[in-house]
Each structure stands twice: as C-alpha cells, then as structure tokens.
Amino acid sequence: MSHAHDDVAVRAAALEALLVEKGLISTDAIDAVVDLYENDVGPQNGARVVARAWVDDAYRERLRANGTAAIAELGYGGFEGDTMVVVENTPAVHNVIVCTLCSCYPWPVLGLPPAWYKSSAYRSRVVAEPRAVLSEFGLTLDPSVEIRVWDSTAEVRYLVLPMRPPGTESLSEAELAALVSRDSMVGTAVATVPGAESA
Amino acid sequence: MTSGTLHAVTAADGPEALPRLNGELVFNAPWESRAFGVAIALHDAGAIDYEVFRSRLIAEIAAHAGEHGTGEDGRDYYERWLDALEHVLLEQRVVSEAELGERAAGIAHDWAHDHDHGHEH
C-alpha cells in the first residue's frame, strides 16, 4: 500500500472515530451499511425485476408506467432509488445509462457502481459517442438502432429493461433472471443465453 | 430514507438470492467502505442531507477532472467522496480542522507503531 493510500485511510479512520466519539453515528450502523452493500444489494435485484417483466405483461406495463412503484412490489427501494424510471429496449431503440456529473446509480436494483461507471472516460464519452463506447464493451448495434443515453440526476435514476433473448420461452422466471447481467441493465451489454449467438 | 427501508431490501433478498453478478469488488480498500458507510449512516441518522453531500461530491469530482491521470479510471472516486464528506462536516461545524488533524496524527502514529512491531521489512 502506498503512502498516499495510507494518508487517505488515516483521514477516513480519523473522521469515523471522531463522529462515533461525538455520538452522531455508531460503528454498528456503519458496519450494517457496508455489509448491506457488500453482500445483499446487487444486480441480482434488478435481474429479478427484469425477469418478472419478461414473464408478466401486466407487470411490465406497471414498470413502464411507474418504475419506482413496480420495483417496490418486489421489495426493492430506498437510497439512490427514490424515483426510478425503467427504459425499455426494443428492436429499434437501445438505451444506456450514465451519470455525467458524479456516479448516481440505481443502488437498490444494481448495487454500487463498477469502477468504469465512475470513470471520467465513460461519463463524458458515452454521451458524445455512444456507439463507439458500446462497441468497446463488445456491443455492436446495427446502425439502424437508435441509441438513447439517459443522464441520471438528483431526482431520477434509470434502469434499462433489456430485451428477452430468443429461444428462452421454456425457461422459468428464476432461470431467466440468471441471464440478466449487470451490464445489460446499464445498457453496455444485452441479455444473452450462454453459448448462444448474441444479438 | 432510513435504515429501516434499507433492511427491508435485505429481508426481501432471502435465501433464494441469486449469486452476485457484479463481477468485481464493490470496494477496493477497507477505508473506501468505511468512508461510504459513514456518509450513509450520517444521512440515516439525519446528521447530513444526502443532496447537500451529493452536490459537494459533484464539485469535488469536477475540481479534480483536469488533473493528469485523476478520475480517468474511476479508482479515486472514494477519495473525492471523502473530500466531499469532510467538506460538508467542516462547513456544518460538526467537526473542526484541528480535531480532524489531531486525530489523524494520532492514528498515523499508532499505525506506524503497529507496523514497526508487526512486520519485518
């Protein structure tokens, strides 16, 4: 570990110790938050939302009409998810999400963002040249497909509803959820069946 | 937002939870997780307003954007997070520069001491 990292670790430890000493927060409360986001809240939540939308047309309609409420039906909500809007991919439109100013992200359904989502390169480039950025992620879209980039704000967090892969008619909702990757819900990938040709 | 809501998320996860699909560590170092947890716990306790904090985070990220190699790969994100948290708490006079500096010096001394006696170099 470098000295620069030691310095920042010392600053974090000093701040935590002071705030606990002043009685503003408890070590247990901090532990609980960290444990929650390290172990319980992650893209598996969003995958369940997507799989439900794939098998239940009425749920998909509710998800389109009011993402926050439909996501709450499955028990997910809260921090960085106060207002969630679900944007649906179609054969003609591919959606991708970003937060150009910081790294707002729909935590309740995707967990905390990966490093690349927080990078200045992604934040600036996906708006200016989305097709090029997506191809760097290995996603080459037909030129006829319109790409819509959704910039998260203080008020709204977006979740991409990927298209259900072909040939999955016989799969159960749980099996479908396993096909839904984090990146497919950010829009830097599509949902695919392992071993099958991807779209 | 309260931790009650957060824990409802855990409960809903249940034993049928899918394997995590995140594909990478959520935090790259223990201090990152502590800095994250402190900010959220402060918000849950009503000690800071998350939107005030977020505005400062945006400002810190923007202020470092021009620096060579900074922010490029997103790995310094939690440094900016800690900068923003300190700034908000100093501004609201929850903590002072002096007590932060004093506590940091004490911790640095303790860690150096542990290091000298705990490892061979």
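The structure is a predicted model, in which local features need pLDDT of at least 70 and side-chain atom pairs count only at pLDDT 80 or more, whereas totals for chains, interfaces and linings use all residues. Residues are numbered from 1 along each chain as its sequence is written, while chains are lettered from A and ligands numbered from 1 in the order in which they are written.

**A helix pair in chain B**

The axes of helix α3 (residues 50-64) and helix α4 (residues 77-91) of chain B come within 8 Å and cross at roughly 125°, where axes are lines fitted to C-alpha atoms, for helices over the stretch in contact, and angles run from 0 to 180 degrees between N-to-C directions. Helices (H or I, at least four residues) and strands (E, at least two) are DSSP runs, numbered from the N terminus. α3(B) and α4(B) are therefore oblique to each other. Among the residues making this contact are B:Phe53 and B:Leu57 of α3(B) and B:Trp81 and B:Leu85 of α4(B), two residues being in contact if their C-beta atoms, placed from the backbone, lie within 7 Å.

B:Arg93 lies in the loop between α4 and α5 (97-118) of chain B, and B:Arg93 has a positive phi of about 55° although it is not a glycine. With 7 C-beta neighbours inside 10 Å, B:Arg93 counts as exposed; a residue is exposed if 12 or fewer other C-beta atoms lie within 10 Å of its own, buried if 20 or more do, and partly exposed in between, with C-beta atoms placed from the backbone.

Chain A holds 11 helices and 4 strands, and of its 199 residues 45% count as buried. Its C-alpha atoms fill a box of roughly 55 × 35 × 35 Å, taken along the principal axes. The centres of its two domains, taken over C-alpha atoms, are separated by 31 Å, the bounds coming from an automatic or database domain assignment.

| Domain of chain A | Residues |
|---|---|
| domain 1 | 3-39 |
| domain 2 | 42-186 |

The contact between the chains takes 54 residues from chain A and 56 residues from chain B. On the side of chain A that touches chain B, the largest share, 13 residues, comes from α1(A).

Note on methods:
Angles under 35 degrees count as roughly parallel, over 145 as roughly antiparallel, 65 to 115 as roughly perpendicular and the rest as oblique.
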